[in-house]
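Here are my notes on the model, as numbered points. Please read them with the structure open.

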Amino acid sequence: MKTPWLPLAFSFVVSSAPICSAAIISVVETGGDDEATDTIQAVWSGVTYNRTIDNEPTPGAAGTPYTVGTFMSTAPAFVDRNHRYLDEPGGLALPSYLLGHEYIMSGNDNRDNGSYVLGVTVDTFSRVYMLIDNRLQDGDASNPPSFGAGSMQWILDEGWTASMTGHNRAGDALLPDELAFDEGANDTIDQWYSVYYRDFAAGTFELRQADNAGRNMYGAVVAPIPEPTTFGLLGLSAFGLLLRRTRIGR
């Protein structure tokens, strides 16, 4: 028996979901470098700080302010480099599910700090995406990072999952999604990152060391997962009532 009202019912519920809003309350960095003329602790979307070095993380003189935006193509990756995430010119764009969300910028010099920890506090249930240099462990940018002892073992231990939607250079849904990385801010792709994710309830969680000496520090994007609004719940109730009536009327 056909049920032509089903697509309408589902469309009604989905369209009632609220738009994602800010999630990060604070980021506390421990174990990072401490250089008097260069160190800037981790910052996140919406935070304004003064540059300590010319043209880091974007063109501008030391002492001038920079405000961290949301994640997008050309978004700077680190507080201490003019490196950025980039749509591959004529090729693979950044994964759409990352765009417009808050993200964290830390120092690339912290990539080899074994005691490094970011304590991240969010005010809502969120999906956190880790952006990890493909060269982890084996030095090969052509394949995903390799985790294990001395190479971000905590990603495995804490249950992070590869995001696999087929958004990679191979178009393979059995490989992690990828994004391009521009180390010279000159629209040239120098490296590739892979995407991993884990969901967290409101509160504080920790991101640990990068174990990636001589390569690049990781990035982190925080995407709130919205709960249904009252209007959405009414839609679910209506759907349940229609389904019940259909069954009774058989």
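Is Gln191 buried or exposed, going by its relative accessibility? Point 2 takes this up.

1. Basis. This is a predicted model, in which local features need pLDDT of at least 70 and side-chain atom pairs count only at pLDDT 80 or more, while totals for chains, interfaces and linings use all residues. Residues are numbered from 1 along each chain as its sequence is written, and side-chain values use heavy atoms, with hydrogens and water left out.

2. Gln191. This residue counts as buried, at 11% relative accessibility. Buried means under 20% relative accessible area, exposed over 50%, and partly exposed in between, with a 1.4 Å probe and protein chains only. Gln191 lies in strand β11, residues 191–200. Helices (H or I, at least four residues) and strands (E, at least two) are DSSP runs numbered from the N terminus. The Gln191 side chain makes a polar contact with the side chain of Arg135, at 3.2 Å. A polar contact is a pair of N or O atoms within 3.5 Å; within protein, one must be able to donate a hydrogen and the other to accept it, and residues adjacent in sequence count only if both atoms are side-chain atoms. Not counting residues up to four places away in sequence, Gln191 touches Arg135, Ala141, Leu179, Ala180, Phe181, Glu183 and Asn216. Contact means heavy atoms within 4.5 Å.

3. The chain overall. The secondary structure comes to 3 helices and 13 strands. Of the 250 residues, 44% count as buried. Among contacts with a separation of 6 or more, 69% come from residues 24 or more positions apart.

4. Nonpolar core. The largest nonpolar core has 53 residues, and those with the most contacts inside it are Tyr85, Met130, Leu131, Leu207 and Tyr218. Strand β8 (residues 126–133) supplies the largest share of this core, 5 residues. Such a core is a set of buried Ala, Val, Leu, Ile, Met, Phe, Trp, Tyr and Cys residues joined through side-chain atoms within 4.5 Å. In soluble globular proteins, nonpolar side chains tend to be buried together. Leaving aside neighbours within four places in sequence, the contacts of Leu207 include Met130, Trp154, Trp160 and Tyr218.

5. Asn108. This residue is in the loop between β6 (102–105) and β7 (117–122). Asn108 is buried, with a relative accessible area of 1%. Its side chain reaches the backbone nitrogen of Met217 at 2.7 Å. Beyond four places in sequence, Asn108 is in contact with Phe78, Asp80, Arg81, His83, Arg215, Asn216 and Met217.

6. Cavity. How many cavities of 30 Å³ or more does a search of the whole structure find? The search finds 1, and the largest cavity has a volume of about 90 Å³. Its lining is Glu29, Asp33, Glu35, Asp38, Thr39, Ile40, Asp80, Gly107, Asp109 and Asn110. These residues divide into 1 nonpolar, 3 polar and 6 charged. A cavity is a set of points, on a 1 Å grid over the protein atoms alone, where a 1.4 Å probe fits but cannot get out; lining residues have an atom within 4 Å of a point. Grid points are joined across faces, edges and corners, and a volume is the space filled by probe spheres set on the points. Ala, Val, Leu, Ile, Met, Phe, Trp, Tyr, Cys and Pro count as nonpolar, Asp, Glu, Lys and Arg as charged, and the others, Gly among them, as polar.

7. Backbone points to check. Most residues other than glycine have a negative phi, and most peptide bonds are trans. Glu56 and Pro57 are joined by a cis peptide bond, with omega about 5°; Pro57 lies in the loop between β3 (48–50) and β4 (65–67). Thr74 has a positive phi, near 80°. Thr74 sits in the loop between β4 and β5 (84–86) and is partly exposed at 37% relative accessibility. Ala185 also has a positive phi, near 50°. Ala185 is in the loop between β10 (178–182) and β11, and counts as partly exposed at 27%.

8. Pro65. This residue is in strand β4 and counts as exposed, at 53% relative accessibility. Pro65 and Asn50 are 15 residues apart in sequence and 4.2 Å apart in space, C-alpha to C-alpha. Leaving aside neighbours within four places in sequence, Pro65 is in contact with Thr48, Tyr49, Asn50 and Arg51.

Definitions and conventions
On a 1 Å grid over the protein atoms alone, a cavity is a set of points where a 1.4 Å probe fits but cannot get out, and a pocket is an open set with protein on both sides within 12 Å along at least five of seven lines; lining residues have an atom within 4 Å of a point.
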